[in-house]
Amino acid sequence: MSSSGSGSAAARRPLRSNFEKGTSRWAVRRSQWRALGLTDDDMEKPKIAVVNTSSELSSCFSHLDGVAAEIKRAIRTAGGLPFEVRTAAPSDFITSAGARGGYILPSRDLIANDIEVAVEGALLDGMVCLASCDKTTPGQLMAAGRLNIPTLVVVCGYQQSGHYKQQHVDIEEVFLAAGHVAAGKMQPDELLAMSDVAVRSPGVCAGIGTANSMHMVCEALGMALPGSAPVAANSDKMMATVTRAGARIVEMVWEDLKPRDILTPEAFANAARVVLALGGSINTIKHLQAIAREAQTDVDVYALFERLADSTPLLAAIRPNGERTIEDLERAGGTLAVFKRLADRYHPQALTVSGKTLGEAVEAVDVYDPAVLHPADQPLSSRPSIVILRGSLAPEGGIVKLGLATGKAMQFRGPAQVFESQEDAIAALQRGEIARGTVVVLRGLGVRGGPGMGMASRFVFVLDGAGLGEHVAVVTDGQLSGLVNKGLVVGEISPEAAAGGPLGLVRDGDAISIDIDARTVALDVPDEELARRRADFVPPSAGRVRGWLSVYEQVVRPLPEGGVLAHTPPGRPGC
């Protein structure tokens, strides 16, 4: 990587987009581009993809066309040539309607592949990715690691929330209230009134759910400009960062600063620290593992979270963990202020897309609201915010989000009640068939079983609405919304049931033990009985689905590998 950012003729390296200049293939490319109004001088400039994951399906990314226009203007001003390209644009609350939510996680990998086809196929020189809803950021980061061309991710912000009956209301309350309606504890008209005012602008879900967690992870990894996250969508602060990003990506192309220069094992440790310090979404773990896999960085993210959990203080209680809002966290200084509080618990020498180290950026900021971000020696909880359990029910792990851990049982033992779908479990709950002390098993929701990894969130919220959230435990191979922080739930159990994991062998009445302090989740069934059940186990038949989910089912790897597709190469050595 060159240290020069001047872009002077002497410092400029050859552009890969011009590698065929003078050949017949270059001539036909030139013809296509001339028809777009481009000049020969334009074709000598760095060609930058502006990756726009927008559609009219959701407010999450409805503002991105305006963002893309400003990015392109800034790129042109800096001497680059922007090309806007589109990808799949999934929104969890919209795209989860079909296939039991099975399209959500596979859309992440579809985005990565969309980017590869558009950017690598055209041999563009760099890219700016507009990050919005949950799966867009990890999909873009996966593509960055895979293609390894100069890349900068722009955080495109969170939505504004509203008020209902003089109380703050955002999408989390609507999601939770929907579960209470299903449990018969709230009137549908009240839910509709809340949903009318919960979302007041474009942007991702408020709170420290998956989208805002991934935005902050992106900055912690060094792949977004320091000071980017969290940020209100379309705010002056966000648009100023957009303009800076357009200029910076052109410099990065001339400097040849690439994702694998940034995505080191230390960068992943920094990202894990931020998630743990804020009690962020557990979905970040599988996404980080997938990004590491694509970047060929040799890091076991699950083991990283296990190793760092006990030494990372919980510094803030941002919704859904507490009453503080994402706006409060932004005002307090955001990601950089979290690192300021972590002090010697992060790697300051990690490089960022700015060309400077993370430590340099942290040194220049302060914690602007100490009541929001607590000092590390005065944490909000002495327990880790996220723990990974292992044991006979989850040999490769299951994840529990504790957050503040207020009111959560640290040990739970009870008889299993098994359901093959979230809908069946909700129906049983509505009939009064789930009793206190039960461990509900929701299975067949993993990456292969879904296929595509179904959601278990709605059942958790209906359980809460029924007043059983603290009295019934849930274990599942499905995924949970980043806005879920109710009850005792062990999610993303691996191996999943469809792959022959122990979860697929559980029968009604089997004793299941969960011990948060011991980090264990156990199926208390004799080995001989489990061997008999395993001999009778029949995996899901192929051909249950068609199209993209059929392809995904055949090539997806297990969650400990990030749930990436099978072609992804193993990691490169790291520390």
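These legends describe close-up views of a predicted model.

**View 1**
Strands of a sheet pair through backbone hydrogen bonds, either parallel or antiparallel. Strand 9 (residues 411–419) and strand 13 (residues 511–515) take the antiparallel sense, over 5 bridges. Within strand 13, I512 is the residue opposite G414.

**View 1. Strands 7 and 8.**
Strand 7 (residues 386–389) pairs with strand 8 in the antiparallel sense, over 4 bridges. I388 stands opposite I399 of strand 8. Strand 8 (residues 398–401) is covered on both faces. G398 and V400 are buried on one side. I399 and K401 are buried on the other.

**View 2. The largest nonpolar core and its separate partner view.**
The largest nonpolar core holds 150 residues. I71, M127, L130, L221, F268, L373 and F459 touch the most other members. Helix 11 (residues 265–278) gives the largest share of this core, with 10 residues. In soluble globular proteins, nonpolar side chains tend to be buried together.

**View 3. The surroundings of L373.**
Which residues is L373 in contact with, leaving aside its neighbours within four places in sequence? They are L278, L315, A316, L329, A332, G334, A337, V338, R341 and V367. L373 is also one of the core residues that touch the most other members.

R146 forms a salt bridge with E294. The closest N and O atoms are 2.9 Å apart. Buried or exposed, what are R146 and E294? R146 is buried, and E294 is buried too. R146 belongs to helix 5 (residues 136–147) and E294 to helix 12 (residues 283–294), so the pair ties together parts that are 148 residues apart in sequence.

**View 4. The salt bridge of E529 and R507.**
The side chains of E529 and R507 meet in a salt bridge, at 3.9 Å from N to O. E529 sits in helix 19 (residues 527–536), and R507 in the loop between strand 12 and strand 13, so this pair ties together parts that are 22 residues apart in sequence. E529 is buried because its relative accessible area is 19%, under the 20% limit. R507 counts as partly exposed, at 42% relative accessibility.

**View 5. The salt bridge of E433 and R431.**
E433 and R431 form a salt bridge. Their closest N and O atoms are 2.8 Å apart. E433 counts as partly exposed, with 43% relative accessibility. R431 reaches 53% and therefore counts as exposed.

**View 6. A network of charged side chains.**
Side chains of opposite charge can pair when their charged atoms come close. Here a network of salt bridges links D170, E172, E173, R319 and E323. The count of salt bridges in the model comes to 37.

**View 7. A nonpolar surface patch.**
L57, F93 and I94 make a nonpolar surface patch of about 290 Å². L57 lies in the loop between strand 1 (47–52) and helix 2 (64–77). Why does L57 count as exposed? Its relative accessibility is 59%, and exposed means over 50%.

Conventions. Residues are numbered from 1 along each chain as its sequence is written. This is a predicted model: local features need pLDDT of at least 70, side-chain atom pairs count only at pLDDT 80 or more; totals for chains, interfaces and linings use all residues. Side-chain values use heavy atoms; hydrogens and water are left out. Patches are made of residues with over 30% relative accessible area and no salt bridge: like charges are joined within 9 Å, nonpolar side chains (Val, Leu, Ile, Met, Phe, Trp, Tyr) within 5 Å. Accessible areas come from the Shrake-Rupley method with a 1.4 Å probe; for residues, only the protein chains shown count as cover. A salt bridge is a side-chain nitrogen of Lys or Arg within 4 Å of a carboxyl oxygen of Asp or Glu. Helices (H or I, at least four residues) and strands (E, at least two) are DSSP runs, numbered from the N terminus. Buried means under 20% relative accessible area, exposed over 50%, partly exposed in between (1.4 Å probe, protein chains only). Two strands pair if DSSP finds at least two bridges between them. A nonpolar core is a set of buried Ala, Val, Leu, Ile, Met, Phe, Trp, Tyr and Cys residues joined through side-chain atoms within 4.5 Å. Contact means heavy atoms within 4.5 Å.
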